[in-house]
Amino acid sequence: MPARFELHGIAFSGPTYKVGLLLSLAGEPFDYVHVNMMQGEHKQPPHLSKQRYGQVPLLVDRNNGRHLCQSAAIMEYLADMTGKFGGANLDERLLAREWMYWDFDRLASNVYRARTIKLGIRPAGPEVLEFSMAGGNAALKVLDEHLAGRNWIVGEGATIADIDIYGVVAFADDGGFDLGAYPNILAWVKRFEALPGFKGRKDLLPMESRAAA
Ligand SMILES: N[C@@H](CCC(=O)N[C@@H](CS)C(=O)NCC(=O)O)C(=O)O
């Protein structure tokens, strides 16, 4: 039987990693479709007809034909569909959602931008890098303070907020951020990486399409 989910993305993409990670942690096998962004496949009609923003990730749910865009929205959907990582009650779900919005506003925007500049994917002047590093470090400080005395971002177990934010913190090193300055984040990273089904981004996302195991 084919896998229920089909994830379209590219190996270097943080938002694609977030979705793949949730699927892996939830024990949901998925077919992976490599989108050749170097050749502009994400801006061509076959992809655009399923991903209106011309971006990755895209998740197809074969059970109902849905095409889902935007990693945070996809993670909320998967939490609903699998009954996992959605939080223990409505208050936890609301807090998880709040942290996910915060992530894209303050953390992911800066960390991902610094990373693309450092890796030469997106050229920019030194002032842009400086701005991104300052914003990223300010956000990491907020996260570190929040994690003091807590195991998880919300409640007593891992939620989509942890997966969403881990999917940025995992790229901080590439962006030139020193996580050694954030002991609570480092302890949380260790806990997160010990979750059953956890996979590092290089193991989870290959550079070619791959059928579910
Ligand atoms: N907010 C989106 C961001 C997705 C995103 O920025 N994807 C990048 C790859 S990491 C992309 O497709 N960039 C091409 C473009 O924006 O044209 C999400 O979380 O899914």
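Reply: The account below begins with the basis of the values, then turns to the ligand and the backbone.

The model is predicted, so local features require pLDDT of at least 70 and side-chain atom pairs count only at pLDDT 80 or more, while totals for chains, interfaces and linings use all residues. Residues are numbered from 1 along each chain as its sequence is written, and side-chain values use heavy atoms, with hydrogens and water left out.

The ligand sits in the largest pocket. A pocket here is an open set of points on a 1 Å grid over the protein atoms alone, where a 1.4 Å probe fits and protein lies on both sides within 12 Å along at least five of seven lines; a molecule sits in a pocket if more than half of its atoms lie within 2 Å of the pocket's grid points. Around the ligand are Ser13, Pro15, Met37, His42, Lys43, Gly54, Gln55, Val56, Pro57, Gln70, Ser71 and Phe104, each with a heavy atom within 4 Å of the ligand.

An N or O atom in the side chain of Lys43 is 2.6 Å from a ligand oxygen. For the side chain of Ser71, the distance to an oxygen atom of the ligand is 2.6 Å, and for that of Gln55 it is 2.9 Å. Of the 510 Å² of accessible area that the ligand has on its own, the protein covers 74% (Shrake-Rupley method, 1.4 Å probe).

Two of the surrounding residues, Val56 and Pro57, are joined by a cis peptide bond with omega of about 5 degrees. Pro57 belongs to the loop between helix 2 (45–48) and strand 3 (58–61); helices (H or I, at least four residues) and strands (E, at least two) are DSSP runs, numbered from the N terminus.

Gln70, also around the ligand, has a positive phi of about 70 degrees although it is not a glycine. Gln70 is placed in the loop between strand 4 (66–69) and helix 3 (71–82). Gln70 counts as partly exposed because its relative accessibility is 39%, between the limits for buried (under 20%) and exposed (over 50%), with a 1.4 Å probe and protein chains only.

Phe104, another residue around the ligand, falls within residues 89–213, where UniProt places "domain: GST C-terminal" in an unreviewed entry; such annotations may be inferred rather than shown by experiment, and feature names are shortened. The span 89–213 is 61% helix and 0% strand, and its end C-alpha atoms lie 33 Å apart.

Technical notes. Polar contact = N/O pair within 3.5 Å; in protein donor to acceptor, adjacent residues only side chain to side chain. 1 Å grid on protein atoms, 1.4 Å probe; cavity = no way out; pocket = protein on both sides within 12 Å on 5 of 7 lines; lining within 4 Å.
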